[in-house]
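Dear colleague,

Please find below the structure I am handing over to you, followed by a short account of what was found in it.

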Amino acid sequence: MCGIVGYIGDRDAYPILIKGLRRLEYRGYDSAGTALINSDGGFSVYKTKGKVSDLDLLCKEKDITGTVGIAHTRWATHGEPSTVNAHPHLSETGNLAIIHNGIIENYADLKKKLQSKGLKFRSDTDTEVLVQLIEYIQNKKNFDLLTSVQLALHEVIGAYSIALIDKRDPNQIIAARRQSPLVIGIGKDEFFLASDASPIIEYTDQMVYLEDGSIAVLRKGEELKVVNVLNRELNPKIQTVDLELGQIEKGGYPHFMLKEIFEQPECLTNCMRGRINIEANNVTLSAVIDYKQQLLSARRIIIVACGTSWHAGLIGKQIIESLCRIPVEVEYASEFRYRNPVVTDKDLVIAISQSGETADTLAAVKLAKKKGAFIYGICNAIGSSIPRATDTGSYIHVGPEIGVASTKAFTGQVTVLTMLALAMAKEKCTVDDNLYYSIVKELSLIPAKMEETLKLNDRIASLSRIFTYAHNFLYLGRGYSYPVALEGALKLKEISYIHAEGYPAAEMKHGPIALIDSDMPVVVIATRNAMYEKVLSNIQEIKARKGKVIALVSKGDDTIAHIADEVIELPDTVECLDPLLATIPLQLLAYHIAVCKGKNVDQPRNLAKSVTVE
């Protein structure tokens, strides 16, 4: 959840660190800090509650010299957001400084043990416990820093990525990871360190994604050394990362979220490139070709995911069951991993995660793999933990998503699930050729229809002003549109802090209808499909109770236009692809309401982009 940046080389470290923190602020933004080894050989440590801009302001009149440093932007787990709890944390002597992403689950026991030895603690964090433990081991046996880190991590239970510096050895950074991402950028006689590639891509495209359980020693002017906790030397794989700087800048948009909403046509074109042929009559996924037997022999599919990815999984369930005739279950990864699920070697488990680092989803993958299931990953971040832990899978290729509220990753996930269902159905001969060709053709046209849908932006912005002061929203849909209703409600909750609920439209009569009055806006996804008449009846029931209806309808629908208070027309497509178009107005509605309310849409309170802790 937190963001880590580090640098060691001949450049001034502070500008690299502060720029890196700005690019990682989507991972956490309740406090920030940095530690530099200054020209006098001591630490310059600056940290503050608040955003990275607050840290930069604090440092304006400070000594920020030094060519070695670490920096951190925090999403609080242990200890409330405060300057004291902000990272970096120092050891008791002040010789060591550490930054940390993750959770040390046994920190309380370790803290008691260290307190019994006379150590004093300044903060409420689990991170300070780790740096104190490392120094205690270092002093007790006069070990070097690497050995002390290895021994300390032997005692630690939990997830972590850490970076550690020792002012007595100013030409070294020690970094380590377990179940939390860490990337090392390799330059000429210099190293960069970060939670992901975005802060360091402008300096180098040569990167090492540290494996679980590995410890890296970064020394100025030397080759990268990577070992495990048992001191066995590892051979890190250097990858060339294809990421353009423009992808992680706002490009003239006021917020990353709006930019990413408008990027969706191009992103889905990239997602489908090389997978749908030029004639738009066939889908080819390399994973289905390479692992045909394992995929097609599955008797059951289990989709594991969290949040927005779980909503994408609900849409995938309907498409796969409809086309492939295989039963599909969709599980919250956080629940799946703890309830002793029945999983066998006849099951296919599909794990969906934008970041590829979602802690609960990664744990669910490991559990399912241990039980013999074949694992298929759907991720956005190349080289992340989930793709490395799965048997095969597909990247969604939508580019980095910086806004905390997921937009293009959702439509990318739905697109990959649709292509997977089509490719498997064709191989299994469970789909009629005409239906197959019509879906493939329509899928290829979705980017252009998204462009058409995005032209509604000004209208939705104007509409949003009417509903800025609503306290509650209800979102309704049926069939493929029900998960869209859930996703629309989630977006509004995440960034505007308005309470919203998504329901199957038919379930409204089983409770939620009691909430409807003249102050309750109800968003209904009512495109023309097999259940159109039933949704029309639901709208009439809402209007009979004076509810305010915002209806998403197919272009040219005059019937609902005469009933609903506001109508948003969408281009026609086949029913299973409706979610790809219907979700865009809901993203825009949430965005514009939040902007009208003066909220920070890219960094909503209490949320972080990548949930790498439980």
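In this predicted model, helix α10 (residues 307-324) lies across β16 (300-305), β17 and β18 (347-353), and runs at about 175° to β17. Helix α12 (residues 359-370) lies across β16, β18 and β19, at about 165° to β18.

The strands in question belong to an open sheet of 5 strands with parallel pairing, ordered β17-β16-β18-β19-β20. The edges are taken by β17 (328-332) and β20 (392-395); each has a single partner strand, so one side of each is left without a neighbour in the sheet. On average, neighbouring strands of this sheet are turned by 20° against each other, direction ignored. Strand β19 (residues 374-379) is joined to β20 by 4 bridges, the two running parallel, and I378 stands opposite S394 in β20.

A further open sheet, also with parallel pairing, has 5 strands in the order β22-β21-β23-β24-β25. Here β22 (499-504) and β25 (566-570) stand at the edges, and because each has a single partner strand, one side of each lacks a neighbour in the sheet.

Finally, helix α20 (residues 578-596) is mostly covered, with 17 of its 19 residues buried. Just after α20, G598 takes a positive phi of about 75°.

Yours sincerely

Technical notes. Residues are numbered from 1 along each chain as its sequence is written. This is a predicted model: local features need pLDDT of at least 70, side-chain atom pairs count only at pLDDT 80 or more; totals for chains, interfaces and linings use all residues. Side-chain values use heavy atoms; hydrogens and water are left out. Buried means under 20% relative accessible area, exposed over 50%, partly exposed in between (1.4 Å probe, protein chains only). Two strands pair if DSSP finds at least two bridges between them. Axes are lines fitted to C-alpha atoms, for helices over the stretch in contact, and angles run from 0 to 180 degrees between N-to-C directions. Contact means heavy atoms within 4.5 Å.
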